[in-house]
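Subject: Handover of a structure and notes on its side chains

Dear colleague,

Please find below the structure that I am handing over to you. My notes on it follow directly after it.

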Amino acid sequence: MLRSSQPLTGPNRKRCREDEMLLGKVLDKGQRGFIIDTRSAQAAKQARMTGGGTEPKSSYPQWRRLHRPLERGRPLQESFIKLVEACNDTSINMDRWLSRLESCRWLSHVKAALSTACLAAQCMDREEASVLVHGAEGTDTTLLVTALAQVILDPSCRTLAGFQGLLEREWIEAGHPFHLRCAHSAYSHARLKQEAPLFLLFLDCVWQLSRQFPFSLEFGEHLLLTLFDNAYASAYGTFLCNNEKERCLCKVKESTHSLWAWLNQPGEKKKYLNPLYSHNALVIWPSVEPQSIQLWQGLFFRWIRSSQYLDEAWAEIQRLVEGN
């Protein structure tokens, strides 16, 4: 699996021989690869006017391009805001609640992300093909798809240590702009142009996987909630800045503590483990049918509904597992 930003073909359809050679070397003679573009075909075409674009078929004859548009900007942030507002409104009746849940379209974004990740995973697992994923800059929906595909395909990414490595590799080192995307939460009245809950969408998709495959992930919901909290407000430096260059200039590693070091302390680590975990070497294919995608109540209802009973039930499961 490869990831990149968009090719800079521009309105004059410029070619980059180095790019063509690089992708050509990935495939053996007679093999075919897939390029998954997380923009619509129309958006990719419009990007040519500002210097971007997509791979011309004539220059990449062994690669088949598939467009799977995913929202990444203002529409996604507005969807998040509308969902939180609906979840916090306890005065509405059932019909009104269901209508608002549908109109915010958050679950549609979850379904689209999982569907695109499954497509990438299927190309690799069933077609035994190489896959290149990109959008515009390659730091938002691109990372969402590549990270989810790895959780689906690779059992090592479903362990606590492997998942941390995945986040470090696919989100932090790859340059997801956390400072811009997570500048404020859904509760803020500010509407910054660069805000978008891409990382939250990823965490929600992982939660969907954990719900559908409760024995296959070594970590539980508490880890995902902790990661969400630390992406927006943290005492640690792990999610600071927008890329590695900024982190080096700000000397983040020298002047802050790592979230991973804290999570991996023996006393803390135990809180995040799934007591039902059993190593599963198989690929986990999630259902993306509408009835299979559920609202993440542990996150979106956490401020209006106590989790006391769920926490007690989880603690009892841990006690029973340890007793055996």
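With which residue does R169 form a salt bridge? The partner is E170, and the closest N and O atoms of the two are 3.4 Å apart. A salt bridge here is a side-chain nitrogen of Lys or Arg within 4 Å of a carboxyl oxygen of Asp or Glu. R169 is partly exposed, with a relative accessible area of 33%, whereas E170 is buried, at 5%. Buried means under 20% relative accessible area, exposed means over 50%, and partly exposed lies in between (1.4 Å probe, protein chains only).

Please note that the model is predicted: local features need pLDDT of at least 70, side-chain atom pairs count only at pLDDT 80 or more, and totals for chains, interfaces and linings use all residues. Residues are numbered from 1 along each chain as its sequence is written, and side-chain values use heavy atoms, with hydrogens and water left out.

Salt bridges

The structure holds 12 salt bridges. E20 takes part in one with R15, where the closest N and O atoms are 2.8 Å apart, and in one with R17, where they are 4.0 Å apart. E20 is buried, with a relative accessible area of 14%. R15 is partly exposed at 47%, and R17 is partly exposed at 49%. R17 and E20 both lie in helix α1 (residues 17–26), 3 residues apart, about one turn of the helix. Helices (H or I, at least four residues) and strands (E, at least two) are DSSP runs, numbered from the N terminus. Elsewhere, salt bridges link R72, E137, D140 and R181 in a network.

Aromatic rings

Rings of Phe, Tyr and Trp (its six-membered ring) pair if their centres lie within 6.5 Å; planes under 30 degrees apart count as stacked, over 60 as edge-to-face and the rest as tilted. By this rule there are 16 aromatic pairs. One of them joins F178 and F199 edge-to-face, with 5.2 Å from centre to centre and 75° between the planes. F178 belongs to helix α8 (residues 178–181) and F199 to helix α9 (residues 198–212), so this pair ties together parts that are 21 residues apart in sequence. Both F178 and F199 are buried. The ring planes of F228 and Y232 stand at 55°, with centres 5.2 Å apart, so that pair is tilted. F228 and Y232 are 4 residues apart in helix α10 (residues 221–232), about one helical turn, and both are buried. Ring pairs also link F163, W171, F178, F199, F202, F219, F239 and W260 into a cluster.

Helix α4

Which residues of helix α4 (residues 94–104) are buried? They are W97, R100, L101 and C104. Seen down the axis of α4, they fall within an arc of 100° (taken from the directions from the helix axis to the C-beta atoms), so they line one face of the helix. The face turned away from this buried side carries the exposed residues D95 and E102. The buried residues of α4 pack against α3 (74–88) and α5 (106–125). After α4 comes R105, whose phi is positive, near 70°.

A buried loop residue

T139 is found in the loop between β4 (131–134) and α6 (141–153). T139 is buried, with a relative accessible area of 16%. Leaving aside residues up to four places away in sequence, T139 touches A174, G175, H176 and P177, where contact means heavy atoms within 4.5 Å.

Yours sincerely
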